[in-house]
Amino acid sequence: MNGPSTHLSWKELACKDGTPYPKKWRDDRAIKLARMFEHIRILFSYHPITVLSAYRSPEHNRKIGGARFSQHVEGRALDLRPPNGFTVDFFYDGIKEAAKYIGVGGIGKYNTFVHVDTRLTD
């Protein structure tokens with residue numbers, strides 16, 4: 001398999017600076033992210049969802065002005081663009097409503113994407 005789940009690849013989880021998702025977290029944190037991601041796909045009728053950001057190396061996180069204690073640096077976060085035809089508000093509301101059932105520990109809504117993480121599920 002080219003990722004921790006059918007619809008989430010290691011390439012999507014890698015940092016945008018080319019740093020791969022850390023091997024030390026592939027058997028736990030990546031699996032939790034993948035489960036959460038697959039549940040989100042199910043919520044939205046299996047429509048493709050674009051991963052805008054996942055793991056971030058500390059250097060890349062600083063470079064882009066990410067939060068100092070970002071869950072992305074810990075390998076626990078995804079920034080997701082809603083599927084085609086869905087607004088950010090609708091996407092966010094659907095995920096938030098199901099959050100405790102699908103492994104979402106943190107959620108945030110931005111102009112063009114929704115941030116989800118597994119911070120409270122470890």
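Begin with strands β3 and β4, which form a hairpin with 4 residues between them. The model is a predicted one. Select Ile 107 and look across to Val 116, its bridge partner in β4.

**The sheet**

Now show every strand. The sheet is open, has 4 strands in the order β1-β2-β4-β3, and its pairing is antiparallel. At the edges are β1 (50-53) and β3 (106-109), each of which pairs on one side only. From one strand to the next the twist averages 30°.

Stay with β4 and select residues 114-117, which are joined by 4 bridges to β2, residues 77-81, in an antiparallel arrangement. Two pairs can be picked out here: Ala 77 has Asp 117 as its bridge partner in β4, and Leu 78 stands opposite Val 116 in β4.

Show the side chains of β4 next. Which residues point one way from β4, and which the other way? Val 114 and Val 116 point one way, while His 115 and Asp 117 point the other way; all are buried.

**The helices on the sheet**

Select residues 29-43, helix α2. This helix packs on the sheet, where it touches β1, β2 and β4, and its direction makes about 25° with that of β2. Then select residues 88-102, helix α4, which lies across β2, β3 and β4 and runs at about 165° to β3.

With both helices displayed, look at how they meet. The axes of α2 and α4 come within 10 Å and cross at roughly 130°. Angles over 145 degrees would count as roughly antiparallel and 65 to 115 as roughly perpendicular; α2 and α4 are therefore oblique to each other. Their crossing is right-handed. To see the contact, select Met 36, His 39, Ile 40 and Leu 43 on α2, together with Phe 91, Gly 94, Ile 95, Ala 98 and Ile 102 on α4. Sorted by class, the contact of α2 with α4 has 7 nonpolar residues, 2 polar ones and no charged ones.

Follow the chain into the loop between α2 and β1, where Ser 45 lies. Tyr 46 lies in this loop too. Check the backbone angles: Ser 45 has a positive phi of about 55° although it is not a glycine, and Tyr 46, also not a glycine, has a positive phi of about 65°. Most residues other than glycine have a negative phi.

**Two buried side chains**

Go back to the loop between α1 (10-13) and α2 and select Trp 25. Is Trp 25 buried or exposed? Its relative accessibility is 12%, so Trp 25 counts as buried. Apart from neighbours within four places in sequence, Trp 25 is in contact with Ala 30, Tyr 55, Val 73, Glu 74 and Gly 75. For a distance check, select His 47 as well: Trp 25 and His 47 are 22 residues apart in sequence and 27 Å apart in space, C-alpha to C-alpha.

The last stop is His 60, in helix α3 (residues 58-63). With 13% relative accessibility, His 60 also counts as buried. Which residues is His 60 in contact with, leaving aside its neighbours within four places in sequence? They are Cys 15, Lys 16 and Asp 17.

Notes
Residues numbered from 1 in each chain as written. Predicted model: local features only at pLDDT ≥ 70, side-chain atom pairs only at ≥ 80, totals over all residues. Heavy atoms only, no water. Pairing = 2+ DSSP bridges. Axes fitted to C-alpha atoms, helices over the stretch in contact; angles between N-to-C directions. Contact = heavy atoms within 4.5 Å. Parallel < 35°, antiparallel > 145°, perpendicular 65-115°, else oblique. Left-handed = near helix turned anticlockwise from the far one by under 90°. Nonpolar A, V, L, I, M, F, W, Y, C, P; charged D, E, K, R; others polar. Buried < 20%, exposed > 50% of the residue type's maximum accessible area, 1.4 Å probe, protein only.
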